[in-house]
Each structure stands twice: as C-alpha cells, then as structure tokens.
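Here is a report on a two-chain model. Please look over the sequence and structure first.

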Amino acid sequence: MTNSQEVASPQHVKDEWFRPLPKGHVNAESVVRPSLSYWKDAWRRLRKNKLAMGGLIFLVLLMLFAIFGPIFSPYSVIATDYPNQNQSPSAAHWFGTDEAGRDVFTRTWYGARISIFVGVMAALIDFFIGIIYGGISGYKGGRTDSIMMRIVEVLYGLPHLLVVILLMVIMGASLTTIIVALTVTGWVGMARIVRGQVLQIKNYEFVTASKSFGAKSSRIIRKNLLPNTMGPIIVQMTLTVPSAIFAEAFLSFLGLGIAAPFASWGVMANDALPVILSGHWWRLFFPALFISLTMFAFNVLGDGLQDALDPKLRR
Amino acid sequence: MGKYIVKRFIMMIATILIIASLTFVLMHLIPGSPFDGERTTNPTIQANLEKFYKLDQPLHIQYLSYLKSIVTFDFGPSIKKPNESVNELLARGFPISFELGMATILVALLSGIILGTIASLRHNGLVDYFAMTFAVVGISVPNFVLATLLIQQLAVKWDLLPAATWSSPLHMILPIIALATGPTAIIARLTRSSMLEVLTQDYIKMARAKGLSPARIIVRHALRNALMPVVTILGTMLAGILTGTFVIERIFAIPGMGKYFVESINNRDYPVIMGTTVFYSAFLVFMLFIVDIAYGLLDPRIKLHRKEGDA
C-alpha cells in the first residue's frame, strides 16, 4: 500500500514555510494548471498505455488496408483463375491463392471489410437501442424500471448464439441477417450498463440542480446523464466489436455465413479446413492471423480505454 | 433466500417458455417445407407425411402439441432420419457433448484460477507477464483456429495425440485444450485482477498480522472473496462453451450433439432443431439458475432478497 499521507518529521519543518507571502504576489483566483476536459484527460492517459495505442494504430492500419487493399490489388475477390490455383505465397500472390486461384491477399482485405463492418454495425445498433432502453429504464425508475428489467433479465438468460443460429436459419445467410441476429440479443448488455450508470448518476447534485432550474427530462437525459455514462458505454462498444467479429467467424465456420464466392475471415477459415492437412497452410494462416490480431487489438484497446475513461483511476 | 429461489425459478420457467415459443414461431416462418427435395414427392405420400408429423393441423394445435411434447420431454421423430426420434439423438449425442463441456469447464476453472492467483502474487513479475500474455492471446485466438493448429502440429506433424473421434481419454486431450483455452484465459484475467484488489484489503493485513501462513491466507481468506466474479461469469461462460462444442465437435469429428444440430440446420429437420434448441436453452437457463443460487450461498454479504433498484 502506498503511504500518500506521510507526515514530515519535526526536524524537517522549516521556519520559512510559515512566513506570509508578500501581498499581491500571486493572483489566488487564477487557475495555474491548464484545465483538462474529461476527454482530453482520458486521451492523455490512453496515450501513455503503449499496448492500447498499439492496438489503436493496428486498427487504423487495418481499416486503411480494408478500404484500399482490394482497390489497389490487381486481382479480383471473386473471379477464378484456375491455372494459378493453390499457389504458396510468392511475389505475385503475397498470401498465396486458394483452390480456385483467387488471391488470398485480396480476399483477406475484403474479409476485413466484412468483419469490421459487421463488428462496427453491431456495436452501433447495440449502442442506440441500449442507451434508449437503458436510459428510459434507469431514469424513470420504479415500476417502469422493474418491468423493463424483467424483460432484460429474460432476454439475458437466452443462449445468444443459439438464437442467432436460429435466426440465420430462418432469414437465410446474408450480411444483414448476421447483423440483425447479433443485435437482437446483443443490445441487452448495453442496456444493463446504461441503466446502472443512469441510476447512479441521476441522484447526483448537479442533476438536482439542473432539475431545480426547470430542465425537462429530455434535456437532463441528453445533457447531464448520457455524457457522464459515456465511459463505460464506449468500453462496452469496443468489446462488442470483437465479439461480433468472432460470432461472424463462428457462424461462417459452421457454414451459416455469407455465401460462397465472397469472403469473410470466417468463411476463408472454413474453406481452408479441408485442405489444411495437404500443406496449404496459408489458406488458414492469414485469415486466422487477422481474426486473432483484430480481436487482440480491440481487447487491449478496450482495456486501455477502461482505465483511461475511469475517473477513479485518474492520477 | 427461499423467496428469492422461488422468484428465480419462476423466471427460469418463463425464460424456457419464451425460448420454446420463439423457436416454434421462427421455425414456422422458414419458407419451404422439410419435404422440399430434389425429387417431387407423390402428393398422397406428402399428405401422409404431413399428417404423421402433424404439419397439416392448424398452427395453434401444433403449438399446443409442441408445448405438450416439451413438458413430457418427448420431441417426436426426426424428419430426415425417420427411424430415429429426437430423444434418441439427444440420448446419444448429449452425454458426449456434456462430457466435453464439463471437462472443459473443470480444466478452465482449475488452470485459470491457479494461473491467475500465481500472477497476482507475482504482480508485475515474469510469471505475471507470461500469464497475462497468455490470457490476451487466449482470448484473441478463436477456438476453431486453435483446434486446427493443434491437429496440424500435435496430431499430424508430430503424431503425439490422436486427431479425431472420442474413443479414449487420449482422444479427449486436444478437443479439451482447444475449447478450454479461451475460458482459461478469461478466468485467469478475472482471478488476477480481483486477487490484486482483495490482497490490498485490511482483513488480509489482519490475517498476516495474526501470523497465518501465506498459503492459508491465500486459499482461505483471499481466494474465497476473489473468486466471486468468477462465479458470476460462470453461467455465460458455460453458454459459450456449449456453443463452442458445435465447432469443436465438427473439427474433431466427435459424434456429440453439436454434429446433429449443425446437420439438422442444414437439413431443415424441424423436430431436431426445435428439440435441440429447447433442450440446450433449458439446460443453460437451469445452469444460470444454479449459478445464481450458488452465488447467494457463497457470498454472505449479498442478500439475494434485497429490493430491486439499488445497482
């Protein structure tokens, strides 16, 4: 335990400490240190976390590659090229080719688009449903809250992936389906977090002050409650993205993902399974590597944000 | 406590009912019938088939008989494998999946707690560093990737362990490792962070001051409190492991429930899909119920019948 309140021993106390300062020496009212807003302070602390910054930089690079990789690649994502099938990585095909001669490098970046799109969309939709539902539940309190939370509890008990699988079977495998299926069950976690935060903050003095000035509920929710719940919400979003990416890969791996010529990382890993023993390691290696790295980056970024956005850990 | 258990029990039944109804509605929204095949069936045969599977009756009657089948635990015959009932499939597949799941959770709990505890005791030391690297990597690598790597390296390249099926304890090692790594990593991280918090508390200092042995302090005083968060996530973790078995069973060719489930999805075998979903959901919801009760029993500070609203 650190001993922050250590008292100076008597022999160290010097007389000059107790002399009055000359009058007008300093303006006692002025703020000496620059004022840091919550976000500036969080950013300052996040920047110090090397691992989290590494994750952030990786993700930015990944997004750039996902956007521009397929554009600049001379190969098509879906067009087949049988003379060049099953080639190991070379100067022409950096990540090799698959059994239809498609360039794995191009497909990997195309897969990155799909995976990131699924992850980000799932997180955004969760975010909107979650803050509305959780916000109302927490702010209204009482009976409304109990009823809304009963519903959430029941939904929380549902085995998510089973529901997602069922939905995928019914709606047919497509990108929209995956996102819908993931958000149908996914928003519950967000709603719980928002509600818990709102419940805690709504009793703080600044909210009472706002109320006594006659602020409307909608204003209090928008201006007082939501900005103060943003920390945990953002952390939850950064952790939703990798779990959505994982779920997409998982579904694709079960054969419930997006359809054949198009690629997502899960689909590529699934396609690679039968040929992995014939030595075509690159087929699994690259999609698997990028799934893992992306999950890793989001996880360390989420952890870093959790520390940076928590005012209690402020130093 | 009694009141709480009753309340949780009612919630559990409600959840199962909702899942069952949802499954029913969803299954009947699927376009196409299970008898749509490549060759056209004789209309008389089709009518007879539909009669046999009660597909000719109005929906509400079907729904009622479906609910009855759940209560009596008789999910009827499979459509694609007419000689087998869903019950038979469950009886054959589930014990294997259950074995895999339980072994996984035991391995994950044991190794995760040990790893996390050691890491917390050597805070910022080499062991801590290693354990946390393992934890982050373990969370990041999907289990199907890990499974494929294990087969390729340990089973095929070095020929150390058998790569597929579920016939002897030796066969179980690779699937269990593949499935348990993720949960182990999560448990290790959780144990470590909550141990670090607990170890700074006054009652641990007190126990030290009393002169208790370090082992006793860690096991009796610190771990008991530090493991509460682990108990909390056990329920959701179980759900993850359960769905994880689908993938792992597919990769390792294990004849468990996951194999039948994936098959039934691709075949549109309604009774099997419904039966499996409801059975698995009920099983999971029941486990969550158990975990909740266990949580109340383990932590004396938590009064489970406390009024709602105090987050």
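## A glycine inside a helix

Gly275(B) touches Phe75(B), Val86(B) and Leu90(B), leaving out residues up to four places away in sequence. Two residues are in contact when their C-beta atoms, placed from the backbone, lie within 7 Å. Gly275(B) sits in helix α12 (residues 270-298) of chain B. Helices here are DSSP runs of H or I with at least four residues, strands are runs of E with at least two, and both are numbered from the N terminus.

Gly275(B) counts as buried because it has 27 C-beta neighbours inside 10 Å. The cut-offs are these: a residue is buried if 20 or more other C-beta atoms lie within 10 Å of its own, exposed if 12 or fewer, and partly exposed in between, with C-beta atoms placed from the backbone. Glu84(B) is 191 residues from Gly275(B) along the chain, and their C-alpha atoms are separated by 13 Å.

## Basis of the model

This is a predicted model, in which local features need pLDDT of at least 70, side-chain atom pairs count only at pLDDT 80 or more, and totals for chains, interfaces and linings use all residues. Residues are numbered from 1 along each chain as its sequence is written, while chains are lettered from A and ligands numbered from 1 in the order in which they are written.

## The two chains

Chain A has 10 helices and zero strands. Of its 315 residues, 41% are buried. Among contacts in chain A with a separation of 6 or more, 69% join residues 24 or more positions apart.

Chain B has 12 helices and zero strands. Buried residues are 36% of its 311. For chain B, residues 24 or more positions apart supply 74% of the contacts with a separation of 6 or more.

## Where the chains meet

The contact draws 38 residues from chain A and 36 residues from chain B. On the chain A side, the elements giving two or more residues are α4 (142-157), α5 (160-171), α6 (175-201), α8 (217-253) and α10 (281-309). That side holds 27 nonpolar, nine polar and two charged residues. Ala, Val, Leu, Ile, Met, Phe, Trp, Tyr, Cys and Pro count as nonpolar, Asp, Glu, Lys and Arg as charged, and the others, Gly among them, as polar.

Phe250(A) lies in helix α8 of chain A. It counts as buried because 25 C-beta neighbours fall inside 10 Å. Leaving out residues up to four places away in sequence, Phe250(A) touches Gly266(A) and Val247(B). Trp265(A) is 15 residues from Phe250(A) in sequence and 9.8 Å away in space, C-alpha to C-alpha.

## The nonpolar core

The largest nonpolar core has 145 residues. Such a core is a set of buried Ala, Val, Leu, Ile, Met, Phe, Trp, Tyr and Cys residues joined through C-beta atoms within 7 Å. Val164(A), Ile165(A), Ala269(A) and Ala147(B) touch the most other members. Its largest share, 16 residues, comes from α10(A). Ile165(A) is in contact with Leu256(A) and Ile265(B), setting aside neighbours within four places in sequence.

## Helix packing in chain B

Helix α4 (residues 86-121) and helix α7 (residues 169-199) of chain B pack at an angle of about 35°, with axes 6 Å apart. Axes are lines fitted to C-alpha atoms, for helices over the stretch in contact, and angles run from 0 to 180 degrees between N-to-C directions. The residues of this contact divide into 21 nonpolar, eight polar and two charged.

Helix α5 (residues 126-140) of chain B has 15 residues. Its span from first C-alpha to last is 21 Å, close to the 21 Å expected at 1.5 Å a residue. The expected span is 1.5 Å times one less than the number of residues. Buried in α5(B) are Ala131(B), Ala135(B), Gly138(B), Ile139(B) and Ser140(B). These buried residues pack against α10 of chain A together with α4 and α7 of chain B.

Leu149(B) lies in helix α6 (residues 143-157) of chain B. It counts as partly exposed because it has 17 C-beta neighbours inside 10 Å.

Ala253(B) lies in the loop between α10 (228-251) and α11 (257-267) of chain B. Its phi is near 50°, a positive value in a residue other than glycine. Most residues other than glycine have a negative phi. Ala253(B) counts as exposed because it has 12 C-beta neighbours inside 10 Å.
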